[in-house]
Amino acid sequence: MTDPVQDQYEAYPYPGRNPAEEATRLVTGSPSRVLEIDHYLFGGQRDWSKPFRVLVAGGGTGDATVMMAQQLHDKGVKAEITYLDLSSASRRIAEQRLAARGLTNVTFLNGSLLDLAAMGLGGFDYIDCCGVLHHLSDPDAGLVSLAGALAPGGGIGIMVYGEYGRAGLYPLQAALQQLAGDMPLAGQVTLAKKLLPALPVTNGFRNNRFLGDHQRGDAELVDLLLHRQDRAYTVPQLAELVAGAGLRIASFIEPLRYDPSLYLTDPALAKRAAALPALEQAALAERLAGNMKLHIAYLSRESSTVAQPAPEAIPLFIEWEAATIARAVQQQGGIKGAFDGLPITLPLPRQAPAILKLIDGARRMDAIRQEAGFSDWDDFMAVFRPIWRALNGINRLVLRF
């Protein structure tokens, strides 16, 4: 093999995964949770009794493939999932993980997503491409290829690196290339481990507290510090990439991170920010936060695909339990957490716990309104709107119709 990127993933399959751990955990995340796909790409209205064709483009050691295969199996969906990756070593791990779960709804292929048109695989309802485009020699051609493989009405979930949160990384990559670029990859790993604790206190990477993947294992260290083909995107650059493929950003994940009002406490500044177009608001939020090390987004050709609150909508929690979150909100007066080291506090109305307790994945919003004691829809929405902004904003509450 002569492709250094393919060589890297053959030697260090990424991310590092042990198939034996499938017995005790399911790795989940965004993009590609089934509830998210339905909410952000299908308006919460997809008919899951119909077959669902999925492509995992750049499947690596299988996180997205395993997660989707398991969730679609549990949901009883007639799913056809295709895994595609250059690395045979990564594919073997992914296959072992699926086998450990007894899942058989995946077809495994080795190859490049740039060659999709020639593969004749047909159109896909959903494509996962997580952490891949930024490692291509031509990301624009990569996304155009993915867009061409979509079935009508289909969508894509992507993750690409964010520029500002990776401050200091690229000078360190260049330094390691200078010091060890002529060495075998294993030797580069050894040298990098020697260099990291000896970096000057002024070094940008040393002072970037948002980047810690290299501490999890050698595969993660190689992917972060020794990658030969690696770029990052700002929001405007990502928007340009997406538009060039004839697509649009349906939503960023988590949406609240891209709302500049989260970072602007002065009302006059917040008002000026709110007057900006949506993508400019997202770009401003990224510049203000300064810590976004990646961007997760859902992409579509359609003009509007995201579900919106309505009386007939059913709110559903993503991996949270109603009683637990209601109790936490009761105790704290809202939602407290952090976005990559940035503390956030989202105050909620005093009626929020009573409403949250009623979200069971079956009740429609109008039923929740009535049981919460609101006679008027507008009065209910005045209370529900900040709940929705907070919980959908951190990607924990979505809608189904």
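Residues are numbered from 1 along each chain as its sequence is written, and side-chain values use heavy atoms, with hydrogens and water left out. Because the model is predicted, local features need pLDDT of at least 70 and side-chain atom pairs count only at pLDDT 80 or more, while totals for chains, interfaces and linings use all residues.

Helix packing comes first. Two packed helices are described by the angle between their axes and the distance between the axes. Here helices (H or I, at least four residues) and strands (E, at least two) are DSSP runs, numbered from the N terminus. Axes are lines fitted to C-alpha atoms, for helices over the stretch in contact, and angles run from 0 to 180 degrees between N-to-C directions. Helix α3 (residues 63-74) packs on helix α4 (residues 88-101) with the axes 9 Å apart and at an angle of about 25 degrees. The two helices α3 and α4 are therefore roughly parallel; angles under 35 degrees count as roughly parallel, over 145 as roughly antiparallel, 65 to 115 as roughly perpendicular and the rest as oblique. The crossing of α3 and α4 is right-handed (a crossing is left-handed if the near helix is turned anticlockwise from the far one by less than a right angle, and right-handed if clockwise).

A second pair is formed by helix α7 (residues 169-180) and helix α8 (residues 185-195), whose axes come within 10 Å and cross at roughly 120 degrees. That angle makes α7 oblique to α8. The crossing of α7 and α8 is also described as right-handed. From α7, Leu172, Leu176, Leu179 and Ala180 meet Gln188, Leu191, Ala192 and Leu195 of α8. The buried residues of α8 are Gly187, Gln188, Val189 and Ala192; buried means under 20% relative accessible area, exposed over 50%, partly exposed in between (1.4 Å probe, protein chains only). These buried residues of α8 pack against α7 and α9 (218-225).

Leu172 of helix α7 is itself buried, with a relative accessible area of 3%. Leaving aside neighbours within four places in sequence, Leu172 is in contact with Leu195, Leu196, Leu199, Phe205 and Leu225. Leu172 and Arg206 are 34 residues apart in sequence, yet their C-alpha atoms are 9.5 Å apart in space.

The aromatic residues are next. A search of the whole structure finds 9 aromatic pairs. The rings of Trp48 and Phe52 have their centres 4.8 Å apart and their planes at 65 degrees, so this pair is edge-to-face. By definition, rings of Phe, Tyr and Trp (its six-membered ring) pair if their centres lie within 6.5 Å, with planes under 30 degrees apart counted as stacked, over 60 as edge-to-face and the rest as tilted. Both Trp48 and Phe52 are buried. Tyr83 and Phe108 form a tilted pair, 5.0 Å from centre to centre with 50 degrees between the planes. That pair links distant parts of the chain, with Tyr83 in strand β2 (residues 79-85) and Phe108 in strand β3 (residues 106-110), 25 residues apart. Tyr83 and Phe108 are both buried.

Further along, Phe374, Trp377, Phe380, Phe384 and Trp388 form one aromatic cluster. Arg369, in helix α15 (residues 365-371), is buried at a relative accessible area of 10%. Beyond its neighbours within four places in sequence, Arg369 is in contact with Phe374, Ser375, Asp376, Trp377 and Phe380.

Glu319 is not a glycine but has a positive phi of about 55 degrees; at 45% relative accessibility it counts as partly exposed. Asp340, in the loop between β9 (334-339) and β10 (342-347), has a positive phi near 50 degrees.

Conventions
Contact means heavy atoms within 4.5 Å.
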